[in-house]
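Dear colleague,

Please find below the sequence and structure that I am handing over to you. My findings follow directly after them.

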Number of protein chains: 2
Amino acid sequence: MAKLAVPSMFSMRHFLVLSLALNVSLILRTTYYESEEGSKRFCLKKKMMADADSESVIHKPRLAISSTTLTLGNSTRADHPGPGGKERVINLDHGDPTMYERFWRQMGDKTTIIIPGWQSMSYLSDTSNICWFLEAEFAKEVVRLHKVVGNAVTESRHIVVGTGSSQLILAALYALSSPDADEPISVVSAAPYYSSYPSMADYQKSGLYKWAGDAESFDKEGPYIELVTSPNNPDGFRRRSMVNRSQGLLIHDLAYYWPQYTPISSPSDHDLTLFTVSKSTGHAGMRIGWALVKDKEVAKKMTKFIELNTIGVSKDSQLRAAKVLKAVSDSCEQEKSKNEESFFKYSYKLMAQRWKQLRAVVEAGDLFTLPQFSPAFCTFFGQKMVPQPAFIWLKCEGDIEDCESFLRGHKVITRSGKHFGASPQYVRISMLDTDETFIQLLDRLLAIQERQ
Amino acid sequence: MAKLAVPSMFSMRHFLVLSLALNVSLILRTTYYESEEGSKRFCLKKKMMADADSESVIHKPRLAISSTTLTLGNSTRADHPGPGGKERVINLDHGDPTMYERFWRQMGDKTTIIIPGWQSMSYLSDTSNICWFLEAEFAKEVVRLHKVVGNAVTESRHIVVGTGSSQLILAALYALSSPDADEPISVVSAAPYYSSYPSMADYQKSGLYKWAGDAESFDKEGPYIELVTSPNNPDGFRRRSMVNRSQGLLIHDLAYYWPQYTPISSPSDHDLTLFTVSKSTGHAGMRIGWALVKDKEVAKKMTKFIELNTIGVSKDSQLRAAKVLKAVSDSCEQEKSKNEESFFKYSYKLMAQRWKQLRAVVEAGDLFTLPQFSPAFCTFFGQKMVPQPAFIWLKCEGDIEDCESFLRGHKVITRSGKHFGASPQYVRISMLDTDETFIQLLDRLLAIQERQ
């Protein structure tokens, strides 16, 4: 984990950043406190986004927002009781990708799906396919999107669709373990690892597989399964297998290997790779993920798992996902001819803005630090880019030992580092929430630093 | 299991039925062999249905088919390569409810759903609900439908939505077992039981629960979970708990407790009850089921299971299911005012026709026997009715010891009784397939009997 050096005295640059940050904070507060309770709009975004835009990493972007007001796309969510105010609890514990809603609204009817009541009634999709519940249209668009983005080899792969990639992780554990083994196969992942891996592996008390903790300290002989998450959840770094022994079976969870989060270096080419629409396009409510599987018998066993678990995967969501993936591929292919921003360019820029604003705010004080990433060449954008992960892996510095409790005291709900096999000095914070929540987070972080 | 007595000599009634059956067979064959290969239509249905109609159990129905030809609704399914012919393999191993497609086609746009690309993106539905991924509209329609049909008490119940009722069975096993118990809790069900129960309970080699076989021979002391399927899959009989000891935890699987299959005697009122759209409305491809749960802690644990298993349930399918359930309730409430057949009357009549035809064919010989059911008062239809299950629980008589192999030899794929904890003299055959496949089944059964 890269750490920021915290100087004892502010440099001239720090003063400048602090000045900018305080300015932003003042504008934010004035706007919040002046806005009427219950109003679904607030002003400010334009200035803040314009500030970030002027230093855009790629090029000067065309702003998606054309007025000084922003209608909040997600105002009905029950955990978001009001539009603002310092008393509001901001819940960024989970990585709900509602940030993308605005893009899909702008797309209008292009991804609207119409399903008549008599359609897709059968359990079956294609009984000639190993994954008999896989909709052909969805499979076609998965292959096309990977080709367009260049992030995965699909040739000589079996596609297995799942109810989100969570179900596919469980299906993969089932498929890679042996019912005749003397003991459960060890499941490891390098810390900080995705916080759900330990409970997903152990909640059934399965005799097939068992969570065995941090891959770096794993030294047991014999077969094991290693979950390789790249870019990693929570910290955003690229990952390779850590254990690297002969009897290792690897599951590559590449949920975040998309151009808005990380430079695409080459098409991934592993034995078993997982993706999900939740993080690629933001459609978490669909619960659709897919696996690219080299070995036929593994694909068969994964399919069997899903058959016993849920007798297939929602056809409605597969058809809708096909339409959304098609729109993403179309947007990439037509970007030049139609002079419209592709989904990935749009979302890359939004993430770039957010990370720039976040770094400005965090660097204004010495209470928090962020991971530092090196730029790398992205084959999709055709230039060097800096990773901008879907989560903030924030470290509380100084004498704050429990960062999660500290932030909770300031009404920011995050996930403690201890759930990821790391120190409680760290927390994971979602970067994919609505604009409103993200700006409130920045405001809250600034206010905390001012008070210290 | 009720058995038919097989007389050594034919009675006058038998000769009449045999004569009718042979007549039907001849018409069938003439039609099949005269029809062009590859054609998606065949003639006959009108006469056959009219024959059955004239003796309808409820009243003389208005035929849903108004011409002498029937367009096949399901001609694209990969396991149905052609429209007819005696060489075609008929696969009735699984209970794919494609029979209902015609009804939903006739409903036109009433159940068409339109989902814009920006809708339902979040993981969350209602965070104030125990089941935080339950769509409010779906929950509302579940409550309304149970009230309209009178088949379940919903007051003081928590609704947990699942990816089909399969996921809810697993969630219930998880919720009712204890992670601190010395040994896995026994899971039992009275034979013949649903063939997937043993593998669903054991495929994860869980330390929480373990399949312990037929409930009737279960005599182990201590806590246990009993799966009570009523009406039962495969045999269609109404069921109550068999073990009936103090430490029993019951899961009532009422997938078939709907008026088209069995008389509704009273609203079910159990601790944990499961339903599914697959069998109630025929929308198996949606993968939507629901549980009515009395105990708050059990509902919480079931929700936790689904969170770890699939992080919720497709919102698209929940919204579509809400629309379909609403249409069913509307059709029941508006039956008199609009003079249109309700979904349940339509499907009841179709099942009644099929069972009448099936009994005529089976009783024409002495090779097969069927369960016999007593009529009972149905509160939904307001009169006495005979059960007409979703599956045929067929017994091969005489010296046929393996009924599944015997029928496979005649290109009819069924599921052997041995998978249900019963004798291989029995097979389970789906009654919910398309009209074409069902008539071909009758034809095949007649032909088999003729040859013996």
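In chain B, B:Leu227 stands opposite B:Ile251, a residue of strand E9(B). The pair belongs to the contact between strand E8 (residues 224-229) and strand E9 (residues 248-253) of chain B, which are joined in the parallel sense by six bridges. Please bear in mind throughout that this is a predicted model.

Helix H5 (residues 164-176) of chain B lies across E5, E6, E7, E8, E9, E10 and E11 of that chain, and its direction is at about 120° to E5(B). Helix H8 (residues 296-310) of chain B also packs on the sheet, where it touches E5, E10 and E11 of chain B. The direction of H8(B) makes about 20° with that of E5(B).

The sheet itself is open and consists of seven strands of chain B in the order E5-E11-E10-E9-E8-E6-E7, with mixed pairing. Its edge strands are E5 (158-163) and E7 (209-214) of chain B, each of which pairs on one side only. On average, neighbouring strands of this sheet are turned by 25° against each other, direction ignored.

Turning to chain A, one finds an open sheet of seven strands in the order E5-E11-E10-E9-E8-E6-E7, again with mixed pairing.

For E7(A), the pairing is with strand E6 (residues 185-189) of chain A, in the parallel sense and over four bridges. Within this pairing, A:Ile185 has A:Tyr209 in E7(A) as its bridge partner. Helix H8(A) packs on the sheet of chain A and touches E5, E10 and E11, its direction making about 20° with that of E5(A). Helix H5(A) lies across E5, E6, E7, E8, E9, E10 and E11 of chain A and runs at about 120° to E5(A).

The two chains also meet each other. In total, 66 residues of chain A are in contact with 66 residues of chain B. The size of an interface is often given as the accessible area lost when the parts come together. Here chain A and chain B bury about 5,500 Å² between them, and 55% of this lies on carbon and sulfur atoms.

Strand E4 of each chain takes part in the meeting: E4(A) and strand E4 (residues 113-115) of chain B run antiparallel and are joined by three bridges. There, A:Ile115 stands opposite B:Ile113 in E4(B).

On the side of chain A that touches chain B, the elements giving two or more residues include helix H3 (101-106), strand E4 (113-115) and helix H9 (315-333) of chain A. The residues on this side comprise 27 nonpolar, 27 polar and 12 charged ones.

Side chains of opposite charge can pair when their charged atoms come close. Two salt bridges are counted between chain A and chain B. In a salt bridge, the side chain of B:Arg320 meets that of A:Asp316 at 2.6 Å, N to O.

Over all chains, the structure holds 44 salt bridges. The side chains of A:Asp330 and A:Lys326 meet in a salt bridge at 3.1 Å, N to O. Both residues lie in helix H9 of chain A, four residues apart, which is about one turn of the helix.

With kind regards

How values were computed: Residues numbered from 1 in each chain as written. Chains lettered and ligands numbered in written order. Predicted model: local features only at pLDDT ≥ 70, side-chain atom pairs only at ≥ 80, totals over all residues. Heavy atoms only, no water. Contact = heavy atoms within 4.5 Å. Buried area = accessible area lost by both parts, 1.4 Å probe. Salt bridge = Lys/Arg side-chain N within 4 Å of Asp/Glu carboxyl O. Nonpolar A, V, L, I, M, F, W, Y, C, P; charged D, E, K, R; others polar. Pairing = 2+ DSSP bridges. Axes fitted to C-alpha atoms, helices over the stretch in contact; angles between N-to-C directions.
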